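Here is a short tour to read with the model open on your screen.

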Amino acid sequence: MRFLTAGESHGPALFAIIEGLPAGLPLTEDDLSPWLKRRQGGYGRGRRMQIEKDQARIQAGVRAGRTTGAPVALVIENRDHPNWLEVMDPSPGNEPRQRALTAARPGHADLPGGIKYGHKDLRDVLERASARETAARVAVGAVAARLLNELGVESAAYVVELGGIRAEREFSWEERARIEASPLYTPDPEAEAGMIAAIDAARERGDTLGGVVEVRVRGLVPGLGSHVHYDQKLDGRLAQAVMSVPAIKGVEIGLGFEAARRPGSEVHDPIFWSVNRGFYRETNRAGGLEGGITNGEELVIRAAMKPIATLMRPLATVDVVTKEPADAARERSDVTAVPAAGVVVEAMTMIVLAQAYLEKFGGDTLEEIKERLARYQTRAREY
Ligand code: EPS
């Protein structure tokens, strides 16, 4: 399974094409909506999220609620586009450029992207570098999750730190609905109050805040990914996918950086066996991966998000046309998008895992995949 997205932040729409899904997967637009809604949420978002009501329309590859095996095409309309018709008009003659952006924002793709592609109107970079693109990825992630749900796999994402304030209470699957309904998607209501205050204070200062999100996946079979080649190691593939999410600057699996500070006896998870459970662990510091292969425990991934680069009280920069000192451009912006980033990281994780399942159990129909999975699960249990 592979996918591509297209679309600009203020263009007519975002697009995704997914190739390699099996036939027979139940799929409706209602499977995608809760994911898109969750990505739009989270305290600290800006005015743009009041304009958008993200809905993915299935344009190809599905008939009567089931995939056919053909590429699946999705489109998400940008409701803000009518306000940007002339700015985004693809036809020639749209000169001088309206709303041209020349004061490169430190931390955004503006300057390196401008140098690379030779643009002096940095809007040609920012429109695609915008985190708006993640709506398309989340729609693809929701499709991947729909497939994985059929195979007994489910996921959750939540915020463990925001603006330097940490959630002290741990995530539990029983509380997932409450966490997803809370303003910041964090398991710790007390910390959440502090995070909200921090966001309000940052907004007052014209500043932005980053944080840390965690994703958990349960129901995974042992044996996804492989130790035999660098590009088959599932931890490496997950790290790449998660690092590709805008503003993510660090990825950890299981204990992550903490493992470097502890002796081995406090890092590795002792192995047990019983007739009823087969092989099992009482700890999961590895975060579900050993040697780049799933070990059957829950997958635990954390990602660090830097604060959004568009500051209402702008940083110093240089105008790329005049070369004069300038204030960095101010697009309207979120104070924080950490809760949304959790959903995007979850989507990317599910995409990589769906790919790993399809590699190991792949078939042209969902039924074939289920048969192969069931046979393997029996073998793994009897190992
Ligand atoms: C973004 C700037 C804001 C965000 C946008 C990402 O948009 P605008 O420039 O229209 O005010 O709202 O995020 C989304 C639109 C989204 O769907 O997440 C940026 O510069 O990256």
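## The largest pocket

By class, 19 nonpolar, 10 polar and 14 charged residues line the largest pocket. Here Ala, Val, Leu, Ile, Met, Phe, Trp, Tyr, Cys and Pro count as nonpolar, Asp, Glu, Lys and Arg as charged, and the others, Gly among them, as polar. The lining has 43 residues, and H108, A129, S130, A131 and R132 lie nearest the centre of the pocket. Two or more lining residues come from each of α2 (48–51), α5 (123–129), α6 (134–150), β10 (248–253) and α10 (338–361). Helices (H or I, at least four residues) and strands (E, at least two) are DSSP runs, numbered from the N terminus.

The volume of this pocket is about 1000 Å³. A pocket is an open set of points on a 1 Å grid over the protein atoms alone, where a 1.4 Å probe fits, with protein on both sides within 12 Å along at least five of seven lines; lining residues have an atom within 4 Å of a point. Grid points are joined across faces, edges and corners, and the volume is the space filled by probe spheres set on them.

## About the model

This is a predicted model, in which local features need pLDDT of at least 70 and side-chain atom pairs count only at pLDDT 80 or more, while totals for chains, interfaces and linings use all residues. Residues are numbered from 1 along each chain as its sequence is written, and side-chain values use heavy atoms, with hydrogens and water left out.

## The open sheet

Five strands form an open sheet in the order β8-β7-β9-β15-β10, with antiparallel pairing. β8 (165–166) and β10 stand at the edges with a single partner strand each, so one side of each has no neighbour in the sheet. Strands pair if DSSP finds at least two bridges between them; β9 (residues 211–218) and β15 are joined by seven. In that pair, V213 stands opposite A303 of β15.

## A buried arginine

R38 belongs to helix α1 (residues 29–40). With a relative accessible area of 10%, R38 is buried (under 20%; exposed is over 50%, partly exposed in between, with a 1.4 Å probe and protein chains only). Leaving out residues up to four places away in sequence, R38 touches A157, E180, Y185, V343 and E346 (contact means heavy atoms within 4.5 Å).

## Two loop residues

A64 sits in the loop between β4 (62–63) and β5 (66–67). A64 has a positive phi of about 50 degrees, although it is not a glycine, and is exposed at 86% relative accessibility. K323, in the loop between β16 (316–318) and β17 (325–327), has a positive phi near 65 degrees.
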